[in-house]
Structures are given as C-alpha cells and as structure tokens.
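Trainee: I am new to this one. Can you walk me through how to read it, feature by feature?
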Amino acid sequence: MKKTIRFRLNGKPTTLETDGDRTLLWVLRTDLGLTGTKYGCGEAICGACTVVVNGEAVRSCSVPVSSVDGAEVVTIEGLTRGGKLHPLQEAFIEHGGFQCGYCTPGMIMNAYAFLRAHPKASREEIVKGMEDNLCRCGAHQRIIAAIEEVAHGAGGAS
Amino acid sequence: MTQRHGIDRRQFVKLVGGGVVVLVTTKPSALLAQRRRLYPEDLNAYLRIAEDGRVTVFTGKIEMGQGVMTSQPQMVAEELRVAFDAVEIVMGDTARCPWDMGTFGSLTTRMFGPVLRAAAAEARAVMLRLAAEKLGVPRSKLVVENGVVSVTGQPTRKVTYGELAKGRRILRTVDDKAVLRKASEFTVMGTSPLRLDGHDKVSGAGHYAGDVRLPGMLYARILRPPAHGAKLTKLDTSAAAKIPGVTVVNKKDLVAVLHADPETADQALSRVKASWDKPQPPFDTETVFDHLVKVAGKGEVTSSRGDVAAARTAAVHVFESTFHKGYVAHAPIEPHTTIADVKSGKATVWASTQTPFPTRDRLAEELGLDPKNVRVITPYVGGGFGGKSAGLQTSEAAKLSQITGKPVQVRFSRAEEFFYDTFDPAAVVKLVSGLDANGKVSLWDYHVIAAGDRGAAVFYDIPNVSISVAGGWHGRGRDLHLFGIGPWRAPGANMNVFAKESQIDIMAAAARIDPVELRLRNLTDERMRRVLQAAAKAYGWKPRVAPAGKGRGRGVACGIDAGTYVTLMADVTVDLEKGTVHVDRVVAAQDMGIIVNPTGAKMQMEGCVTQGLGYCLSEELRFTGGEILDRNFDTYLLPRFSAVPKIETVLVRNDELDPQGGGEPAIVPMGAVIANAVFDATGLRFYRLPMTPERVRAALAKKGATAAAT
Ligand code: FES
Ligand code: FES
C-alpha cells in the first residue's frame with residue numbers, strides 16, 4: 001500500500017510515496033541512493049545497517065520505512081558536514097578502527113548514538129554499548145580506542 | 001589451463017596517456033628469479049609517472065582490509081623517491097591492471113612486493129637518466145628526493161619528475177640492475193602513514209560491489225536447495241510470475257526471480273513452490289571425523305627422518321593424541337555480491353572477489369565471450385579471508401544478465417552465505433611423540449587428515465620424524481566433503497599448529513617442565529628462538545609447570561607461516577560453573593622480515609588474534625548431511641567486543657630479510673595458545689576445537705565426577 005512518508009534525512013526534509021512496509025535499509029540504498037548503510041545479516045544481528053533515528057541506533061534492515069514517518073534520520077553520509085568529517089570518523093581513521101571497512105558505517109552510527117546518550121562513557125561501557133555490532137576483521141581493539149578518544153578527548157559526540 | 005590475457009602494451013600505453021611508464025614483464029631478472037617460482041611467468045606490473053609528476057600504480061591485487069592499498073604505494077614512493085601522497089593506486093580492474101592470479105596466501109607483499117619495488121627503482125633510474133641529459137651532468141652527480149632531481153651541492157639546479165615526463169612516451173621494462181634501497185635508508189617504508197582507504201570507509205562513500213547501481217538493474221533471488229545434493233522434483237513459479245514487474249528465469253539448474261526492487265524479488269522467491277528429494281545424511285557435525293578417517297586414505301609422507309619405530313621403543317614417555325576441529329566459515333560481513341552487465345557481446349562485472357583475473361577468464365568461458373570483452377572491476381571487498389576466491393554469485397549474475405539483457409545484481413543472503421561458503425574443512429590429526437629423560441623430544445609421528453600440509457612441518461630439532469598428509473583444502477581433498485571447502489586464512493595451518501603446539505605442552509606438563517623451557521631446549525632455529533624470547537620478555541613469562549588450576553591460566557604457542565615467525569602468549573579466565581573461557585590478554589611477537597608498514601602489520605596481527613578467538617571458542621558449522629543448520633549470526637557465533645583481549649603486539653626487527661607475509665601468521669597458533677592456557681587454568685586438555693562452554697562444562701563435570709569417585 002502506497003503511502004506518503006515524510007521525515008528529515010541527514011538534515012533535509014524528505015518525502016516518499018511508497019509502500020510503508022518496505023524496510024528502511026533498502027529504501028535508503030535504492031530509492032534514496034545512500035549506499036553507506038550496509039546489509040550484513042538482514043535479521044538485526046550484525047549492526048552493519050545501523051542508522052540513527054531520533055537519536056537512537058536502529059537496525060534499518062528490520063524496521064519498515066513507515067516507522068520513520070515524522071522522524072529525524074541520520075545515516076553515515078549525514079555525519080560528514082560540509083565535507084568535514086565528524087570527530088568519530090576522524091578518530092576511526094586516526095586509530096585504524098577498520099580493516100575491510102564494511103562494518104564501519106554501522107559501527108560509527110552505533111557509537112554516535114551511544115555517545116549521545118553516554119558522552120563520558122568508560123571503556124567498559126563502550127564495550128557493552130558496541131557488543132552487538134559484529135566485525136569479522138577483528139578491528140575491535142582499535143574501534144574501542146577510537147570511541148574512547150572521542151568520549152574522553154573531545155568531550156563526547158556533538 | 002588458465003588463460004592469461006593481460007592487456008597488451010600498446011593498449012596500455014594508449015590507456016594511460018603520456019608520461020613515463022615502467023613495466024615489469026617476462027624478461028628474466030636475476031633480482032626476481034629466486035622469488036618468482038611461486039608467481040606466474042608472465043607477471044606484469046605497471047607504473048606511470050604523469051606529466052604533473054603524479055605516480056600511478058596499476059596492480060591486479062585487491063583491497064579487502066589487509067591494507068595493501070596503502071603498503072604498495074609506500075613501496076613505490078620509497079624506491080622512486082617521491083612523496084607518499086604523490087602516489088595513486090588502481091587495483092583489481094582487469095581492463096586497466098596487469099594480470100594477477102589473485103590476492104591470497106600472504107603473497108602480495110612477499111611475492112609481488114619485490115617486483116613492484118623493482119619497477120619503482122627502475123623508474124627512478126629512468127628519471128635520473130633523463131635528468132642527467134637535461135641538466136648536462138653525469139648521473140652520479142645527481143640526487144633525488146620528493147620527485148625532484150638536483151645536482152649534488154647545487155639545489156637550485158633541479159628538475160622535477162613531472163617536467164621530465166612532459167611530452168614523453170617512454171616505455172621501459174625492468175632490467176636486472178634495479179637496485180633496491182636498504183632498510184637503513186628507508187624513509188617511507190617502515191613508517192605508518194594513515195591508510196589511503198580511510199576516508200572512503202568512514203564516510204560511507206567507498207563503494208563495495210553491491211553499492212554499484214546501474215540504470216535498469218534487476219535484483220535477482222535464486223532458488224536454493226534445502227541441502228547440498230538435493231534434487232528438484234517439482235517446481236511452480238506461477239505465483240511469483242504474477243507479481244507485477246517480476247521476471248522468472250528457469251534455465252537448466254538456474255531458477256531465479258528478478259525485480260527492480262530487491263524486496264519484491266525476495267517476495268517473489270518466497271512464492272516459488274519447489275519440492276526436493278533430499279539424500280539421506282551420511283554424517284553430521286559429530287560423526288564427520290570418523291568419516292574423514294575412514295575415507296581419506298593413508299596419504300603421503302611429506303617428511304621423514306631417523307627411525308620412528310625404534311624411537312618409540314626407546315622413548316621414556318610416549319604421548320599419543322588425536323585432535324579434531326570442525327568446519328569454520330569465513331563469514332565476511334559483506335556477503336558475496338556481484339553486478340553484471342552483459343550486452344552486445346561484452347560483459348562488465350563489479351565483483352566482490354579476491355581473484356578478478358581468474359574470474360574474468362572463467363566468465364569468458366561461461367558466457368562464450370572473448371576474454372578481451374569481459375571486464376571485471378573489483379571495488380573494495382568487505383572481507384575475504386580466502387572465502388572470496390570461487391565466486392558462484394558472479395557466474396550467476398553474469399548468466400542472468402545475459403539471459404535478461406539487463407544489468408543484474410546477485411547478493412547472497414546471510415543464509416546463502418553460510419550455504420555456499422567454501423569452509424575451512426573439518427580435520428583430524430593423529431600424533432605420537434616421545435620424550436627422553438632430558439626433556440628432548442625424540443620422536444614425532446604425525447598424521448594429518450583433511451587439513452593439508454601447511455604448517456605441518458616441525459621446527460623443533462627432533463631426530464626421528466614422520467609426517468604424513470591425507471587430503472587437504474584443495475584439489476581432490478574436496479571430495480571428502482558434502483559441501484564446499486577451500487582456503488581459510490592460513491589454510492590448514494590453524495589445525496596443524498593447534499595439534500603440534502598442544503602436543504608440546506602435553507609433553508611439558510607430563511615431564512614437569514615449563515612449556516617455554518621445553519621449547520627452547522628443543523629449538524636451535526635462531527629466528528624462532530628470538531621471537532619466542534621476545535614474546536616471553538614482553539609477557540613477563542616466569543618459568544612454572546602447568547597446570548596452575550583455579551580457573552586462571554596462561555599459554556604459549558609458536559608457528560611459522562608465510563615466511564613469518566610468530567609466538568603468542570595468552571592469559572585466560574575459565575568460569576568453572578558456566579564453562580566460558582575468556583581470553584584476557586594476548587602478547588603476539590612476530591618476525592616478518594622488513595616491515596613495510598608497522599601499524600598495518602599490527603592491525604593484521606590484532607585481526608588474526610581476534611578472528612582466531614572464534615575458531616577456538618565458538619565457531620563450528622553445524623550440519624546434518626548436506627543441510628547446513630547455521631544460517632545466521634544468531635547461532636554461528638563470531639567473537640564480539642566483550643570477548644576481545646588486550647592485545648599487545650611486538651615486531652621483532654629483521655631487516656636482513658625481505659618483507660614476509662603478515663595477514664595470516666598470527667592466527668595459526670591461536671588454537672594451541674588458548675587450549676594450553678585452558679589446560680593451565682583447569683588441568684583439562686582439550687583435543688577438539690572449538691572449546692565451547694558446553695564442552696568445557698561437560699569436561700569439568702566429568703573431571704569433578706572422577707575426582708569425587710577417587
Ligand atoms: S543487516 Fe541489519 S543488523 Fe545485520
Ligand atoms: S572492518 Fe571488516 S568487518 Fe569490521
């Protein structure tokens with residue numbers, strides 16, 4: 001059933017005429033052309049598809065696009081403002097918090113939402129907060145270091 | 001026979017435009033002769049210096065996380081004497097890059113590195129010759145730094161590479177005289193510039209195969225059997241065909257539904273009705289080992305010295321062990337994905353593959369096209385670990401595109417990924433070893449089934465040795481299995497080193513000798529001694545006999561892989577109630593020859609340790625016959641953040657040796673180091689991986705029962 005869905009996507013008002021049951025992941029990747037959000041498992045297990053909806057990390061593979069009607073949606077593409085990387089993105093580069101990079105957008109978006117809620121999180125809390133995002137390359141130690149630096153160095157995500 | 005259609009020189013020079021182009025071709029070279037045995041005869045590398053002074057490297061290698069997109073330009077910048085950021089790299093595109101057999105086996109740096117460096121050194125020599133002409137001084141009077149050639153002592157008499165390249169079309173092949181710079185002279189190699197793929201990967205802008213979108217593209221979903229070996233008996237696609245916009249393809253073994261929207265294609269597939277005949281499952285996760293032992297045959301003796309039978313009689317202690325390990329998945333987070341556009345006798349393919357050139361040649365054959373008309377482009381690959389070498393999805397996408405006349409994407413679902421993976425094979429090792437009264441290993445009778453010979457050789461000084469290998473992860477070894485197997489990060493070595501280095505600790509504990517001490521007592525290989533001692537120093541190893549008991553323990557294990565020597569030391573905590581093993585700390589020391597990029601090397605070591613936790617503690621594919629029971633990450637458990645230990649890496653310098661492999665070595669001792677630490681923590685010896693909580697609990701309960709009964 002087609003319906004009108006309005007939301008803000010990376011700061012821009014967006015209107016879609018589409019079947020509200022389609023999943024957010026595929027609407028983002030196809031209709032909206034935002035391919036930074038990745039498919040990894042399709043069942044809300046790996047976190048590769050994580051986007052931030054109203055400040056919270058959401059697994060876009062497992063929610064209908066209708067659920068973001070009226071919401072504020074941020075994808076990995078939206079973290080970079082005016083060509084300037086977000087401190088988390090900078091920290092991931094600086095610390096080498098990626099290898100193949102496929103889990104990276106989901107990791108960064110999850111960390112972004114997590115740090116908004118826990119700006120001064122301890123290392124242990126960060127580990128807990130990232131627990132459900134999978135990385136097969138084993139970049140974990142450096143991902144935590146990157147997030148820690150943002151939490152403690154720069155005073156949390158803006 | 002693999003066809004090797006590199007693009008020809010004329011075509012290449014036309015493609016890259018003006019400037020200075022250096023090729024490394026078939027011309028035999030003293031420099032390369034010793035290293036090229038493992039490399040195809042017609043290896044080519046291309047390098048171009050453009051008129052603006054920028055340097056472009058064209059390589060058939062691909063970037064899947066191992067960092068070669070950064071380390072290769074480092075090698076070029078070093079030898080050519082240009083700034084690192086003046087170098088660009090084009091990778092894995094069969095229309096622009098020279099033929100390459102694929103990215104695997106830790107060969108990129110070891111085998112391809114020297115060639116690439118030679119090309120850059122040759123380019124430097126060309127530039128110097130041109131500069132000598134231009135400046136009117138002999139070459140010996142020139143110095144070059146940062147892409148600027150100047151007269152020694154007269155820095156204003158200078159000319160840039162860009163100026164020298166202007167208006168020229170120079171084509172050179174590498175000759176034997178290309179002299180590589182020494183490690184002591186390095187300014188770019190041996191440093192750790194930020195990775196060139198960083199921005200792409202943190203911003204979401206970098207493309208993986210599935211991110212390529214073409215006008216009119218269809219997403220395909222393909223009918224899959226419920227089990228390997230199942231036969232289709234009935235098929236009804238009429239309900240699927242009724243969905244507006246769905247195309248149904250039914251050709252030979254390929255039944256697919258396609259749609260412009262991926263989810264509509266999913267729905268269409270769910271409406272395909274199919275019945276299957278499933279064969280009786282001949283074995284499963286638990287009984288596979290008996291099957292392997294039964295069918296693998298005696299194998300081949302790969303190494304033998306002394307008299308094993310006599311040594312067995314003479315040994316003071318004889319130890320007889322059998323080790324097991326199940327199938328392990330590659331499980332890259334990016335599933336196999338390919339987009340193919342086949343039309344008017346040409347095919348362009350974007351593939352998630354470790355082998356763009358072999359894939360191109362295979363596709364040409366399958367599609368009936370001239371390889372010249374098939375182009376495989378490899379964007380970033382989201383993890384490979386050996387699992388993206390075969391590429392069923394590429395054949396399927398190309399066929400479907402040829403049939404429908406539209407660009408087609410095939411992206412495996414996670415369940416397909418687990419079904420069509422080429423798993424690390426289940427394997428068995430039978431090992432009899434002996435110790436004399438002085439703690440010298442006197443006997444080593446080793447038989448490995450289904451893992452192959454990588455890592456099976458012994459590096460201890462043992463007088464009586466027999467090593468035999470039956471089956472492996474390639475060739476006829478595949479016939480032992482019900483589903484695909486193939487290379488998995490350091491193929492076979494994980495199993496072999498698990499068995500070998502567990503056995504050393506079994507002997508050490510029985511003889512009441514510290515496990516590091518026992519190793520040193522039996523080791524004259526200087527490189528291995530140095531690495532082991534470096535690890536012991538970094539760890540703070542104090543001699544003690546295992547087990548300590550009480551749920552906390554430490555372990556050690558050594559390995560040699562891809563020319564690199566590695567020792568791991570680990571601390572574990574075992575929850576004696578729950579049976580969970582937590583690895584708290586891992587020290588990894590490694591001698592990998594000259595180090596091109598220290599941070600990159602450390603990242604690979606950390607990746608090895610972290611990924612290795614999986615096959616040690618939680619990862620084992622479950623199946624009944626050809627039916628794969630693990631279909632997603634909810635039951636097939638990858639290591640998560642909380643499982644990751646504190647990892648400390650030590651790079652043991654060895655500048656006398658050319659760069660060796662870095663992507664695989666540190667994973668091979670993981671099984672043994674954890675098993676040895678668990679033994680130290682509990683007194684329980686595990687002969688099978690993974691050491692899941694259930695298995696640890698069961699072993700603890702059995703031990704408790706035995707203790708209570710005595
Ligand atoms: S793809 Fe959504 S959680 Fe894995
Ligand atoms: S960097 Fe490859 S999956 Fe995380």
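Trainee: At what angle do helix α5 and helix α6 of chain A pack?

Mentor: Keep in mind that this is a predicted model. Helix α5 (residues 123-130) and helix α6 (residues 140-153) of chain A pack at an angle of about 120 degrees. Their axes are 10 Å apart. Angles of 65 to 115 degrees count as roughly perpendicular, and those over 145 as roughly antiparallel. That makes α5(A) oblique to α6(A). The crossing is right-handed.

Trainee: Which residues make the contact of α5(A) and α6(A)?

Mentor: From α5(A) come R123(A), I126(A), V127(A) and M130(A). From α6(A) come I143(A), I144(A), I147(A), E148(A) and A151(A). Sorted by class, this contact has 7 nonpolar residues, 2 charged and no polar ones.

Trainee: How does helix α4 of chain A pack with α5(A)?

Mentor: Read it by the angle again. Helix α4 (residues 104-117) of chain A meets α5(A) at about 125 degrees, with the axes 10 Å apart. The two are therefore oblique to each other. Their crossing is right-handed. M107(A), N110(A), A111(A) and F114(A) of α4(A) meet E125(A), I126(A), G129(A) and M130(A) of α5(A). Here the classes are 5 nonpolar, 2 polar and 1 charged.

Trainee: How many residues are in the largest nonpolar core?

Mentor: It has 198 residues. L80(B), Y327(B), W444(B), M569(B), F633(B) and I674(B) have the most contacts inside it. Helix α4 (residues 107-135) of chain B gives the largest share, 12 residues. Another core, of 24 residues, lies apart from it, with I222(B) and L369(B) among them.

Trainee: What is F633(B) in contact with, leaving aside neighbours within four places in sequence?

Mentor: Look in both chains. In chain A, the contacts of F633(B) are G40(A), C41(A), I45(A), C46(A) and L134(A). In chain B, they are A331(B), I333(B), R414(B), F418(B) and L638(B).

Trainee: Is A331(B) buried or exposed?

Mentor: Buried means under 20% relative accessible area. A331(B) has 3%, so it is buried. Its phi is near 50 degrees, a positive value in a residue other than glycine. A331(B) lies in the loop between β15 (317-325) and β16 (337-343) of chain B.

Trainee: And K252(B), buried or exposed?

Mentor: K252(B) counts as exposed, at 85% relative accessibility. K252(B) is not a glycine, yet has a positive phi of about 50 degrees. Its loop runs between β11 (247-251) and β12 (254-259) of chain B.

Trainee: Where is the cis peptide bond with omega of about 5 degrees?

Mentor: That bond joins A546(B) and P547(B). P547(B) sits in the loop between α16 (526-539) and β23 (552-561) of chain B. A cis peptide bond also joins L689(B) and P690(B), with omega about -5 degrees.

Notes:
Residues are numbered from 1 along each chain as its sequence is written. Chains are lettered from A and ligands numbered from 1 in the order in which they are written. This is a predicted model: local features need pLDDT of at least 70, side-chain atom pairs count only at pLDDT 80 or more; totals for chains, interfaces and linings use all residues. Side-chain values use heavy atoms; hydrogens and water are left out. A nonpolar core is a set of buried Ala, Val, Leu, Ile, Met, Phe, Trp, Tyr and Cys residues joined through side-chain atoms within 4.5 Å. Buried means under 20% relative accessible area, exposed over 50%, partly exposed in between (1.4 Å probe, protein chains only). Helices (H or I, at least four residues) and strands (E, at least two) are DSSP runs, numbered from the N terminus. Contact means heavy atoms within 4.5 Å. Axes are lines fitted to C-alpha atoms, for helices over the stretch in contact, and angles run from 0 to 180 degrees between N-to-C directions. Angles under 35 degrees count as roughly parallel, over 145 as roughly antiparallel, 65 to 115 as roughly perpendicular and the rest as oblique. A crossing is left-handed if the near helix is turned anticlockwise from the far one by less than a right angle, and right-handed if clockwise. Ala, Val, Leu, Ile, Met, Phe, Trp, Tyr, Cys and Pro count as nonpolar, Asp, Glu, Lys and Arg as charged, and the others, Gly among them, as polar.
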